[in-house]
Amino acid sequence: LGGERKLVTILFADVIGFTTISEKQQPEQVVALLNEYFEEMTDIIFRWEGTLDKFVGDEIMVFWGAPLDQPDHAERAVACALEMSGRLDMLRRRWTERGVEGLDCGIGINTGEVVIGNIGAQGKKMDYTAIGDHVNLAARVEKLTREHRTRILITENTYRAVSSAAGQGPLKTAVFTGLGAVKVKGKEQEVRIYGCREDQAG
């Protein structure tokens, strides 16, 4: 047990309207749909060398920058989110062809210092995870995707970390849109957020 302070980038992806979807379909259908979604998203996360922290129901938590140092952790997280979004569009087309009501998701990303390490009960159950205010902020920002009608939202912290890489490398087709400062639950100061999408013409 124990942790250390590290600068990382955290990503939360959460299915939108999962309760409603669950009420309309048989449990076996919901599980099959969710597993199909998780399998595709996990492949992408691993390709970008993210640390898959956990599945919480229909939510995915991932971080970059630990346990191994990744100087480009913010770029990896944003590039991963863009690929996840593109793959989800493909899945949604596949589900429509099968006559199935598919899933959609919101993705929130934040960069900051957290405590990361083995958390839990010694000898009983431990998780290698990240905790702290910046983890909470990533989760809160993800919830704002519904209000702003965009699939990916990043904080100013992450935007500052990736802005110099925009238009090149893995972020060659990334487009960022400033959405102003918002009040986030649990935070006294407002947080500036940016929408992120892939330029289809790029």
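Two strands pair if DSSP finds at least two bridges between them. Helices (H or I, at least four residues) and strands (E, at least two) are themselves DSSP runs, numbered from the N terminus. Residues are numbered from 1 along each chain as its sequence is written. The model is a predicted one, in which local features need pLDDT of at least 70, side-chain atom pairs count only at pLDDT 80 or more, and totals for chains, interfaces and linings use all residues, while side-chain values use heavy atoms, with hydrogens and water left out.

pLDDT is the predictor's confidence in each residue, from 0 to 100. The protein chain averages 92, and 99% of the residues score at least 70.

Let's start at strand 3 (residues 59-64). Strand 2 (residues 51-56) forms a hairpin with strand 3, leaving two residues between them, and G57 in that turn has a positive phi of about 65°. The two strands pair in the antiparallel sense over five bridges, and L52 has V62 as its bridge partner. Strand 1 (residues 2-15) also runs antiparallel to strand 3, joined to it by six bridges; here F12 stands opposite M61. Is strand 3 covered on one face or both? Both: E59, M61 and F63 on one side, and I60, V62 and W64 on the other, are all buried (under 20% relative accessible area; exposed is over 50%, partly exposed in between, with a 1.4 Å probe and protein chains only).

Next comes helix 3 (residues 73-97). The expected span of a helix is 1.5 Å times one less than its number of residues. For the 25 residues of helix 3 that gives 36 Å, and its end C-alpha atoms are 36 Å apart, which agrees. After the helix comes G99, whose phi is positive, near 75°.

Finally, look at the salt bridges, each a side-chain nitrogen of Lys or Arg within 4 Å of a carboxyl oxygen of Asp or Glu. By this rule the count comes to 21. One of them joins E113 and R5, with the closest N and O atoms 3.2 Å apart. E113 lies in strand 4 (residues 105-121) and R5 in strand 1, so the pair ties together parts that are 108 residues apart in sequence. R5 counts as exposed, at 61% relative accessibility. R146 and D14 also meet in a salt bridge (3.5 Å, N to O). This pair links helix 5 (residues 145-148), which holds R146, to strand 1, which holds D14, 132 residues apart. D14 counts as buried, at 7% relative accessibility, whereas R146 is partly exposed at 31%.
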